[in-house]
Structures are given as C-alpha cells and as structure tokens.
Amino acid sequence: MSESESSRPPLVFAYYVTGHGFGHATRVVEVVRHLISSGHRVHVVSAAPEFVFTTEIHSPNLFIRNVLLDIGSVQSDALTVDRRASLEKYCEIAVEPRDSILATEVEWLKSIKANLVVSDVVPIACRAAANAGIRSVCVTNFSWDFIYAEYVMAAGHHHQSIVWQIAEDYSHCEFLIRLPGHCPMPAFHDVIDIPLVVRPLHKSREEVRRELGVPDDVKLLIFNFGGQPTGWKLKEEYLPAGWLCLVCGASAKHELPPNFIGLSKDIYTPDVIAASDCMLGKIGYGTVSEALACKLPFIFVRRDYFNEEPFLRKMLEYYQGGVEMIRRDLLAGCWAPYLERAVTLKPCYDGGIDGGEVAAKILHDTAMGKKRSKLNLNGARRLQDAIILGFQLQRAPGRDLSVPEWYQVSGDESGTPLVDQTQNSSKFVEGFEILHGDHHGLIDTISFLDSLATLAKIGGHHQEREHLAAAALFNWEEDIVVARAPGRLDVMGGIADYSGSLVLLMPTREACHAAVQRNHPSKQKLWKHAEARHHSRDTPILEIVSFGSELSNRGPTFDMDLSDFMEEDGNPISYEKAYHYFSKDPSQKWAAYVAGTILVLMREMNVRFEDSISILVSSSVPEGKGVSSSASVEVATMSAIAAAHGLEISPRDVALLCQKVENYVVGAPCGVMDQMASACGEANKLLAMICQPAEILGLVEIPSHIRFWGIDSGIRHSVGGSDYGSVRIGAFIGKTMIRSLSTETNSGEGEEESSELIEYDASLDYLCNLSPHRFQSLYASKLPQVITGEEFMETYGDHGDSVTTIDRKGTYHIMAPTKHPIYENFRVQAFKALLTATPSEEQVIGLGELMYQCHDSYSACGLGSDGTDRLVRLVQKMEKLKHSKTENGTLYGAKITGGGSGGTVCVIGRSSLRSSEQILEIQRKYKEATGFMPYVFEGSSPGAGKFGYLKIRKNAAPPPST
C-alpha cells in the first residue's frame, strides 16, 4: 500500500464461499491471505470447516461466520452427483427462506460496514449486496446457473425458475474475476481474467518425503478426491511394485494396505502434491490448478453431471498433464497401465500462478472506489427465456472444437449447411476400396470414410484422445463394415406415437455413421488399459470409440467382455441387469445405446457372438435437439453389426429392435417413430406410420411448393426427462380410466349398437383409436385434471405401460395428456390429406394452422418452453409480413417437435428464396433476443434401409484416375 492508503482505516470485505466441497474454500484462502496481509479485514461467510481458513491464516483481521447459503451439488459419493436432490436441497436452503436470508444478510452487511462483497460463488450474496447498496464482485471459474441447467433435465422443468433466479442474482454483481478453465457465465456484465489461484509451497519435495519416510527411488501416488470420503476398499495389488500411495481424507477407521499411507486432515496438501510423482483423483479446480502448477501428471476419473469438468479437463489435457481412468478400472484396481502412461507425460503449464495476489489487488482497488467500464452484456436478460437450459457443449458437424464458444453450434454465420450433399458415386475413396454398397454421393459419408483413411495412416500419432483410441481400434488390413442412419424431423405426430397415432416424419440431412469390425479374440487389438483388464485372449471383447465425446462430457471409449452379457446358464442377461450394468458409471452410460444393440440381438434373435467386435461411432446429429440423435446411433450400430455378421434384418425390424435398446437397456420411454424414421425413411419424403405398434402406410411426397425446416431453440431436450415421462404416464392413466368409465358411461343407452361401442371402449388398446367427438361427449367431463399416483393405483392398479413406472407420491396431470393424442391423431390425418390436395394458398394455410394447434396442445401438456414458444411467435410474425396487400406469405406454421420441453421447432413454408430469407431473419432475431444462434435443419437424406451398408478394405494402391 502507498503511504496515503496506509493512513486510511482498513477496508472491510465480506467474502461469501459456496458450500460445495473444499476447493472453493482453499482458493479463497489464498485471496484472503493477500487481503489481510495488506491490512484489511475479511469476514468469511462459509459452511466449510473453520480449520480450512485458520490453519493458513493466523490474524485477528480474519472473521469466520459459519452459515450455509447454498448447497452446491449433493453427492452420494466422491464421483456421483444426485441432480434431483441437489435442486431440492437448494430450494430448501436458499429458495424457500429467501426473503429472510436477504433481510438477515443486508442487516449483517450494514452492521460490519462492508466496503465490498465478494462471492465464490454464492448467488444470493450478490443480491444481498445490491439491496444493501454495496458493490459486489464474483471470483470463480463456473457459476451455479450453468451447473444446475443440466440438473433441470432430470428433475423437471418446474425447477427452471431456480436457474433463472440464480442468473438474476449474479447479474447484480458488478463484474466477474474469471479463473482459467472457466465455463460460460453470461449472467455477468463484465469480466477480468486472472492467472491460476494456487496455494504456495511451504516445504521442498525432499523435506516432505523425508518426513513421510519415503525414499527417493520410490514412486509416490497421491490419492486425492477432494476431501470427499470415498468408502472404497483399497488393496495392495492395486499398485505396481515400487509405488506407494498417499490417501487424502482417509478415516482413522479405514484400514489401509501396507503400500497405502493415510494422510492426516491437517496436512498441507500442496506440499504433498509437489512431492508426488502422480495424482489420482477427480477433476476440480483445486486439483487441476495445483497439478498444473507442480507439473504433476494427473490421472482423473470423471464425475457425472458436473458441467465444470469438461473445461478443466480441456485445460489439463492442453498442457499435456492428464490421463483418464475408466471408473470401472478405478474400482477394480486396474491402475498399473494408467500409472505407466502418466509417468511418461511431461506437463508443460507455463502460465502464471499468482492469481490470488492479482485478485486481491483488483478487489482492493474496487473497494477503494475504482470503477470499470461495463461491457453491457445484458446477462440477466439473455437468460430470461429458457435458453438457459441450452448450455450444451455441442460440436459443429465436421468440426471439433477445443472449448466451444458460448451457445455456438455452427461454424458458419447462418447455422445452415453450406455443402452440397451430392457427389458422383464411386467404388473408391481415398485409402479404401468399397467391396460392397455405395456411398450414394453423400458428402458426410465420404467425409467419414476420409477420416477412417486418416486414422489408418496416423497409426497412434494424434493429439485428440478419441482419435488416438480410434486409430488403435481396427486391424486396418481387414474388412470394415460401415452403416449410416439419419436423425429425423418430427413434422406431425410427436408424442402421440406412444398412444398409437399416425405420425409424419422426415429424415434429416445430418446422420450417424457406425464402423464395425469383427476379429477372432486372439487377433483383437486391445488398448493398454483394456489389455490389463482382460487376461484371457480367448474371450470375445467389445471395444467402442465415440467421436465428439469431449464436447458432451462422456468417456470417449468403452470396453467390456461380451461374456458379461451372458448368465452362467448360457442365456443372455435380462434387460434390467443390463440397465444397471450401464448405469454404474454415468460418464460411460452412453455405451448402452451402442452395446445395447448386441444384447437385444442376443435376446430377441438368439444371436451369439464368438468374435470380438470393434465399433467406431461418429454422429453429426446434434444431441438434445429433439431430432433423434439416439435413434440414429442405435440404428446405424444395429445395421452395421447385422451386416458384419451376415444377419438379414428388415429396416422395420431393425427399428423395433432399436426401440427395445432405448426402452429397456438405456431406460428411456420413447415410442418407435424415431427409430422407424431413421431406418425406413427416404430423402425428401415423409414417412407415414401408424404407431400400433409400427404399421408403415407408405411414403408421402412433399409437394414441390412446400418445404420443411427445423430450427433449434438451444434448449436441451431429453426423452428421459421427467416431464416427458410424466405426460406419458398421464396418457396411459387416462386410457385406463376411460376403459373403466366406458361401462358406466354407456350403461343407460338402450340402443342395440351401444353394446358394441361399450365393448370397444372397454378394450381400448390405443387412445388414438377413440374419436375426438366421442371423447368430448362421453369422457372429457369425467376425467380428473390431476390425480396422485397413490389414488390411481389404489383404484385401478396398473396403468398398462411397461416402460414407465408410477411414483406413488407423484401427482400426474390427466386431462391434457389424454386429450392431446386423441386430437393429434385427427390433426395428422387431416395434415396428410391436405398434403395431397390441389396446391393453393388455402392448402398451406390449413397445414400451418394444424401445426400451430399441435404446438398449443404440447404447451397444455406442460411440454412447451420459452425458447420454442419464441420461435413459433417469430414464425407467426413473419407469416403476417407481406410486401403488398396482394402478396401471399411464405411461412405458414410451426410446432415444437419430438418429446417437447425444448429441442427443435418444425416450420412449414413455401419452397422459395423468400422463405429462406425469412428463416435467416428468424435466426437473427432469436440471437438478438437470447444470445444464441440457432442451428437450422434443412434438407433430407436416405434412411439406413435405403442406404444399405458399405464393406471397405484398405487400398494399398491409389484409386484409378477417371
């Protein structure tokens, strides 16, 4: 401080620390230490143990106030986050008592005469500061609105107000001091980036090892899961010879093997990290920053559902400091191959590590009255529509991103594909000869084959881990089978599929490719960690690589013994066992969509797999957009596996088998329309299908004057989300009640034909077989609006749906979910008839009106969203725009698609340049309002059945010139 500053009274800082883990508290210690060393007073508000602060800071100017104002993430163990419990606990801690918290905090802030409020990263602290008339600043690498946005997908969209409230609280913060490895945080108006905040070392490597009694020639592994008790039983054989493991957070009651040493809770972790040769733990800011600062290799195990992790992982891997361990290998003790790999790394972080000092200086200047010019990003308003739920780490088709830009899903300005999907067919592509099939001139298929050729050339030399794994996946001299399956645009029908409706579906241009190779187990190439686990080379092994994994926080590889799918009696395991098998590790649950196809073939077609199988999956169908990314993966994989094993399965049967994968192995209660469109669709035609369960009526030509688009709202959609499941349950409850009511309702009718109607309604198999007029006249007034699970089950027992389970404590809406499919089926029939009518303005107006009605019905079921509603309103505004009174409009209707609750909006319009201009204008206006540039789905491509399959072989000679 200058002489003039030293004569002033000390500044008073109120520093709020989130209740999530120790990582926030330990980095706060470093900032607070510098503030106090400058003569200031700091009041820390935290639920973290007091010793975390007082062990490092011995000063009368440090005041600890033990208060819990947020909960962070509720964890059932060191790696597992309970998303629903996290939101419910946050409601209990911070939402329900919000008014009293604000009143208490405002009074307290005034009582201590705080000059500045600092938050890491407690939302309500920013609002309390604003109410008290005190400036506030946040110091963090993530914010809770971003983290909780993912949790809403599991807990239900009725929790989305929590996310909005958190974002609104953050918007009262004056600016953000942003740490490296940060994730998107749009609620903040202004940002200052600082170096890593790292605690200083107190002792040398030699001193620490001497105190621990560890010789220099012994390798040290520090087992660090952030102070969270793991409860895992550690065994001596987990470590190779010549290694010792230091266990952080070990309980005194926890018996450790002789080569494991428990560390006391008051040990200074940074010193121990610096004295080690490698760290094994979960990714968090504290572990990553200290590993980078010490240039220590870090073997990490993914946590599920924590969106901070991909950004920290990218930073760790960018500086060549990370090795990922599969959770299964962690628990099984297969550590040796990872340790061998880790000690060969040479971490190269060369950035600053004085972030604590830098942050303290910024906070000091701010408290002294220094102002910053705001960037005026209007953060809170950007989050006021449900785009907040679209915090997704998407990759643009054909391009991998290191750290995605905020809300950016496409490399071009408009978000529409810029490439022509037609090229001349050929039996040759660079590096491969096509032995069977044809790439049909599809540019994405040619690009996928080119990527395989690149992998075959690079062998094992590539920067991306998923490419490294893929390069080592195949025997490149052997045949490889490739299949392709598109996503789908739900034009009409949507969620009415599970009630037996007619649906109209268009395959998208975007598709998934699956490459499959079978090998005798003795010839199967194994990754090092897989080789260490699979001791016998006579057992068939399944190995899978998923491209794009780094951008959706899932593990890029998966491997298993195919014998895991078999019971001791030689029969395949049950679907229930398979579901639990893949649910053990959420970061690898994605593999259920791929590996599940093998189990379904085993159970449903009695197929037995004696060879090992290698699968590479690469999809340009964006996840969470409501365009059936999961169905395209299942259908492409099933088709490729069937072709590789000589199985002749019709496209319709492939779709039905893939539905079983999603319903029973993945556990998502979807209907069959997604898989049917992906397997049986054709380019530029609508697949017409009655979902009872899967009767294809045929293909409907899209009239030349009509075009369909899909516009992504940016709000993540999930068939497995609670809202979709609740609406589905409501529809099946409604059907059960109608069947029961039918006898009572019709008992007074004396006409002879009434007995046939009574019998028909009493045995109603699909809601869509009930006509709208009969539903309205006989049953609508007798169905309850809502019913509890307990009430329904006591009266009716089962609801007749094998893929959903009624929660006895839950409350279900009945009227809207029951009414929707009955009327939707009628709307789809009318839509199909209108498509074949004589072209006219009235025709397209009628088609558009039917789509608007469908959209409103989704909303009545509770499956709408602010983002999709905004897009539909933009279409309506465009529909009214005319250059002259005599000119017809070009856009006519829009509706939410698929399972609803976000995802993509389908738009109908005239096939004209003016329509394309209006779609681009809608993109622009949506981005202005939300900060998100929506991706546009335009065009179509053949389904998996029409595409067939390719069998390719590496071509030593260049293709002949033409």
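Which residue in E19 does Ile 541 stand opposite? In this predicted model, where residues are numbered from 1 along each chain as its sequence is written, the residue opposite Ile 541 is Asp 561 in E19. Local features need pLDDT of at least 70, side-chain atom pairs count only at pLDDT 80 or more, totals for chains, interfaces and linings use all residues, and side-chain values use heavy atoms, with hydrogens and water left out.

E18 pairs with strand E19 (residues 557–561) in the antiparallel sense, over five bridges; two strands count as paired if DSSP finds at least two bridges between them. Five bridges also join E18 to strand E20 (residues 612–619), but here the strands run parallel, and Leu 542 stands opposite Ile 613. Six of the six residues in E18 are buried (under 20% relative accessible area, with exposed meaning over 50% and partly exposed in between, using a 1.4 Å probe and protein chains only). Ile 541, Glu 543 and Val 545 sit on one side, while Leu 542, Ile 544 and Ser 546 sit on the other, so to speak back to back, and both faces are covered.

Next comes an open sheet of four strands, in the order E26-E27-E23-E28, with antiparallel pairing. Strands E26 (891–896) and E28 (936–938) stand at the edges with a single partner strand each, so one side of each has no neighbour in the sheet. From one strand to the next, the twist averages 25 degrees. Within this sheet, E23 (residues 706–712) and E27 (residues 904–910) run antiparallel and are joined by seven bridges, with Asp 712 having Thr 904 as its bridge partner. Helix H30 (residues 841–860) lies across E23, E26 and E27, and runs at about 20 degrees to E26 (axes are lines fitted to C-alpha atoms, for helices over the stretch in contact, and angles run from 0 to 180 degrees between N-to-C directions; contact means heavy atoms within 4.5 Å).

Conventions: Helix = DSSP H or I, 4+ residues; strand = E, 2+ residues; numbered from the N terminus.
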